[in-house]
Amino acid sequence: MVRLVLILGDQLSLDLASLRAADKELDIIVMAEVASEATYVRHHPKKIAFIFSAMRKFAAALKADSWKVLYSQLDDAQNAGSIPAELLRRAQESGAKEVIATRPGEWRLIEALEGTPLQVSLLEDDRFLATHAEFETWAEGRKALRMEYFYRDMRRKTGLLMEDGKPAQGQWNFDHDNRKAAPKDVSYSGPLPFAPDAITKDVLDLVATSFGDHFGKLENFNFATTRAEALQALEHFITHALPRFGDFQDAMLSENKFLYHAVISPYLNVGLLGPLEICQAAEQAYKDGYAPINAVEGFIRQIIGWREYVRGIYFLEGPDYTRRNALGHHRDLPALYWGAETKMHCLSKSVAQTRDEAYAHHIQRLMVTGNFALLSGIDPEQVHEWYLEVYVDAFEWVEAPNTIGMSQFADGGIIASKPYVSSGAYINRMSNYCKSCHYAVKDKTGETACPFNVLYWDFLIRHEDRFSNNPRMGNMYRTWNRMDETHRATVLQDAAIFLEKLDAGEAV
Ligand code: FAD
Ligand code: DLZ
Ligand code: SF4
């Protein structure tokens, strides 16, 4: 019996489980560009273009490899508009009753596929190092699910940076070497750009017509859209940026969007690259004496540690994870996240870069846009939807735990042992944003004071019951308690005034 083999836009890997299970002679591959996936949240136009272009090229590669592929373009007259509807249409056309698919990376789509009248078999997505069962076993019975211990198991499992069963250079984690302030000059010109070819140009026209009103610029699209290009992008990063990746991993510069970051998450997350091959390439650079341990360990930890760990949490915690709101935050996401004017230079730059590139690096996401949302008490579900929409690498299994858990503490501390909050001092230490800001980072109160400075204390005081006994936060509360009472009252009053202005839609 003929079966349909569904391949989604983030499943563009030739060794995909559903392809391995399929019969080339008999089965039919279904791929579909659909409006519902592009609009259930209004994805950034560059992200939609990246996915559609990579999908078209992947389908062409499958056809060239003698697979039967039914590919629906968004503007096909028959396009039924959603993944389940396209499957039903293709099933009717072909007489197929069965579908095999690799398990999607989002509960919403898993539930939609399970809800079709077709017989759908979901295979485990094994493009990861840890299976769901392994993660569940690791998590079982633990009081706290800290990434560091999971990461060590992944090091042992993969043998990456291991020497005679011990971590290379005797240490698991070199993070303390990776917090250097922003350098004056960056010797790296950024990720390898790829000029759009004819297929990408067609897609860009389609996306401009269909989704031109979504937040984000389509101009200067230069992502890799095939595996061969993604491999070139990886090699470019390893050769030109990896040696300094560690040193400046947490730094931010107004005039440099990428610093020494890899910008490989889009390729990794849609399946053009695999996690192990990336880490092995980085490890080789260490073994060759080309890149130092702090850079290579830091890089590998992000991929076999954080990336695998957040995926484990997303599937462990279940479909309601994106609606968690442990801190009871209900403020609407302010217009500045959509590019409305703000006098806060760090936010203005991070949002503008996000609009232009569909990319911001980790510290911009965590300590600028994320930090501000958390301090201001923004509804975490709205924050989550924003991150899912605006970043080219955002798929719910990886975005939601980073946003809901790591950044907004909305899961009550499953991922983060304390909230990632800071005053302006941290941003000033790690960036040059403050030099060009309307506000003065050194001012603690008053009209010119950096808003992060007052919001920081306001947040801690609002949540004193929850956090004052946290051993990692006691110092902060002791500092507050040592402050003069009048000063403390002024701080809280300034924070209230700021939040009122924010709510009133003023340019803050
Ligand atoms: P690099 O800094 O060069 O790191 C190398 C690789 O490590 C990345 O490509 C990525 O695959 C992996 N990595 C690093 N940190 C993480 C992390 N915390 N979780 C998972 N993988 C990680 N990453 C996504 O891939 N998709 C998302 O939707 C996403 N949303 C985020 C939302 C918030 C609020 C925060 C704080 C972080 C988010 N991240 C997300 C993690 C991280 O910011 C990005 O992976 C990283 O910025 C991608 O850029 P890069 O390839 O240049 O990364
Ligand atoms: C993100 C995305 C977009 C914008 N469009 C499509 C699409 O048209 N067809 C498709 O198969 N996949 C698309 N995707 C990726 C899916 O949204 C993704 O597979 C799920 O969110 C699960 O990670
Ligand atoms: Fe951001 Fe405050 Fe620095 Fe301005 S002064 S850039 S608002 S941290």
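**View 1. The largest cavity in this model is the space that ligand 2 takes.** Welcome to a predicted model, shown here as a set of close-ups. The shell around ligand 2 counts 19 residues, and the closest are Asp10, Ala32, Val34, Glu37 and Glu106.

**View 2. Polar contacts of ligand 2 involve Ala32, Val34 and Glu106.** Start with the backbone: a polar backbone atom of Ala32 sits 2.7 Å from a nitrogen atom of ligand 2. At Val34, a backbone N or O atom is 2.8 Å from an oxygen atom of the ligand. Glu106 takes part through its side chain, where an N or O atom lies 2.9 Å from an oxygen atom of ligand 2. On its own, ligand 2 has 490 Å² of accessible area, and the protein covers 99% of that.

View 3. The largest share comes from α3, with three residues. Sorted by class, the shell has 11 nonpolar, three polar and five charged residues.

**View 4. Ligand 3 takes up the space of the second largest cavity.** Have a look at the cysteines here: Cys346, Cys434, Cys437 and Cys450 are among the residues around ligand 3.

Technical notes: Residues numbered from 1 in each chain as written. Chains lettered and ligands numbered in written order. Predicted model: local features only at pLDDT ≥ 70, side-chain atom pairs only at ≥ 80, totals over all residues. Heavy atoms only, no water. Near = heavy atom within 4 Å. Polar contact = N/O pair within 3.5 Å; in protein donor to acceptor, adjacent residues only side chain to side chain. Areas by Shrake-Rupley, 256 points an atom, 1.4 Å probe, with all protein chains shown as cover. 1 Å grid on protein atoms, 1.4 Å probe; cavity = no way out; pocket = protein on both sides within 12 Å on 5 of 7 lines; lining within 4 Å. Sits in = over half its atoms within 2 Å of the grid points. Helix = DSSP H or I, 4+ residues; strand = E, 2+ residues; numbered from the N terminus. Nonpolar A, V, L, I, M, F, W, Y, C, P; charged D, E, K, R; others polar.
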